Amino acid sequence: LTGDNEANYNLKVSTEGSINLQYVGRINVGGLSIEQATSKIKSAMSSTYPALRSGRSNVAINLGNIRSIKVTVLGEVVKPGSYTLPSLVSVFNALYAAGGPNQNGSFRKIQVLRNNRVVTTIDIYDFLLRGVQSNNIRLQDQDVINVPVYQSRVEMSGEVKRPALFEVLSTESLEDVIAFAGGFSNQAYTAKIKVLQNTNKERRLIDVEAEKFSTYGPLNGDKYVVEAILDRFENRVEIIGAVFRPGPFELDKGLTLKGLIQKADGVTEDAFLNRGYISRL
């Protein structure tokens with residue numbers, strides 16, 4: 001406290017989340033940001049120090065030592081166990097400390113338990129794909145993070161930007177899996193995707209047309225193969241020899257041989273005009 005009033009206080013936040021300030025009383029600051037705590041403390045001190053209202057005194061709040069909390073991370077993670085972390089950590093910080101989900105761990109339904117009750121369920125895909133941290137809550141002492149096993153996992157391979165294994169929910173479609181894979185590459189055959197599907201006894205092959213991408217429901221163990229387009233042209237003709245511009249040209253509707261020669265800027269002066277050859281497949 002500076003200005004007309006000069007004072008310095010080094011206060012400790014109690015386990016209930018409050019500080020006890022001389023001449024002012026108890027102020028609850030638990031769960032507040034520094035900006036929110038500063039505003040609340042200044043408001044509480046204004047009755048004791050009227051100069052704060054007029055601006056003749058100023059108050060500055062600084063955070064010193066951050067207390068530690070114990071968090072347990074269990075289930076399908078790389079390094080399960082109990083971790084001592086700063087009190088300002090989020091769920092993602094704790095998962096990072098535990099090495100993240102392991103090979104069988106779920107990325108879509110991670111649970112945070114507090115007092116034996118699930119307080120939130122986190123989908124890491126929201127963060128990995130879109131940077132959204134909507135459910136990444138701040139942890140409290142004795143919280144438990146449970147990473148269950150995955151329920152349904154599929155594989156996307158071939159001409160996509162990010163071929164990999166992806167965990168899918170029952171509400172998602174093949175279109176969502178394509179989005180997880182970053183979309184098609186510039187060489188992808190997008191009219192159809194081959195699906196290698198597991199049955200009770202063996203595997204079977206399914207062709208999914210483009211108009212069914214949004215309605216096809218992925219099944220556990222599906223493998224999607226996106227093939228490349230054919231290395232050929234649907235409308236190409238080629239002229240070579242004694243013309244000014246030899247090479248491939250677009251086969252327009254109704255294109256004649258004369259029209260093709262005109263596209264090639266005509267024949268050269270030394271062209272043998274008695275005969276030409278047409279090769280047709």
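Guide: Two strands count as paired if DSSP finds at least two bridges between them. The model is a predicted one.

Visitor: Fine. How many bridges join β7 to β8?

Guide: Five bridges join them, and the two strands run antiparallel. Strand β7 covers residues 110–114 and strand β8 covers residues 117–122. One of the partners is Thr120 in β8, bridged to Val112.

Visitor: How many residues lie between the two strands of that hairpin?

Guide: Two residues separate β7 from β8 in the hairpin. Asn115 is in the loop between these strands, and Asn116 lies in that loop as well.

Visitor: What is phi for Asn115?

Guide: Phi of Asn115 is near 55 degrees, which is a positive value in a residue other than glycine. Asn116 also has a positive phi, near 65 degrees.

Visitor: Buried or exposed, for Asn116?

Guide: Asn116 has a relative accessible area of 81%, so it is exposed. Asn115 is exposed too, with a value of 73%.

Visitor: What about β5, which strand does it join?

Guide: β5 is joined to strand β6 (residues 81–86) by six bridges, and the two run antiparallel. Val71 has Tyr83 in β6 as its bridge partner. These strands also form a hairpin, with five residues between them.

Visitor: Changing topic. How many aromatic pairs are there?

Guide: The count comes to six aromatic pairs. One of them is Tyr125 with Phe180.

Visitor: Why is the pair of Tyr125 and Phe180 called edge-to-face?

Guide: Because the planes of the two rings are at 80 degrees, and planes over 60 degrees apart count as edge-to-face. The ring centres are 5.1 Å apart.

Visitor: Where do those two sit in the chain?

Guide: Tyr125 is in helix α4 (residues 124–130) and Phe180 is in helix α5 (residues 174–180). The two residues are 55 apart, and the pair links distant parts of the chain.

Visitor: Is that Phe180 buried or exposed?

Guide: Phe180 counts as buried, at 6% relative accessibility. Tyr125 is buried as well, with a relative accessible area of 9%.

Visitor: And Phe166 with Phe180, what kind of pair do they form?

Guide: A tilted one: the centres are 6.1 Å apart, with 40 degrees between the planes. Phe166 belongs to strand β11 (residues 164–167), 14 residues from Phe180 in helix α5. Phe166 is buried, with a relative accessible area of 7%.

Visitor: Which residues do ring pairs link into a cluster?

Guide: Phe107, Tyr125, Phe166 and Phe180 are linked into a cluster by ring pairs.

Visitor: Which residue lies over the face of Tyr150?

Guide: Arg153 does, at 3.8 Å from the ring centre.

Visitor: Where is Leu63?

Guide: Leu63 is in the loop between β4 (57–58) and β5 (68–75). Leu63 is exposed, with a relative accessible area of 52%, against a cut-off of over 50% for exposed.

Visitor: Last one. How far apart are the C-alpha atoms of Ala51 and Asp4?

Guide: They are separated by 6.9 Å, and the residues are 47 apart along the chain. Ala51 is found in helix α2 (residues 51–54) and counts as buried at 12% relative accessibility.

Note on methods:
Residues numbered from 1 in each chain as written. Predicted model: local features only at pLDDT ≥ 70, side-chain atom pairs only at ≥ 80, totals over all residues. Heavy atoms only, no water. Phe/Tyr/Trp six-rings, centres within 6.5 Å; stacked < 30°, edge-to-face > 60°. Helix = DSSP H or I, 4+ residues; strand = E, 2+ residues; numbered from the N terminus. Buried < 20%, exposed > 50% of the residue type's maximum accessible area, 1.4 Å probe, protein only. Lys NZ or Arg CZ within 6 Å of the ring centre and 35° of its normal.
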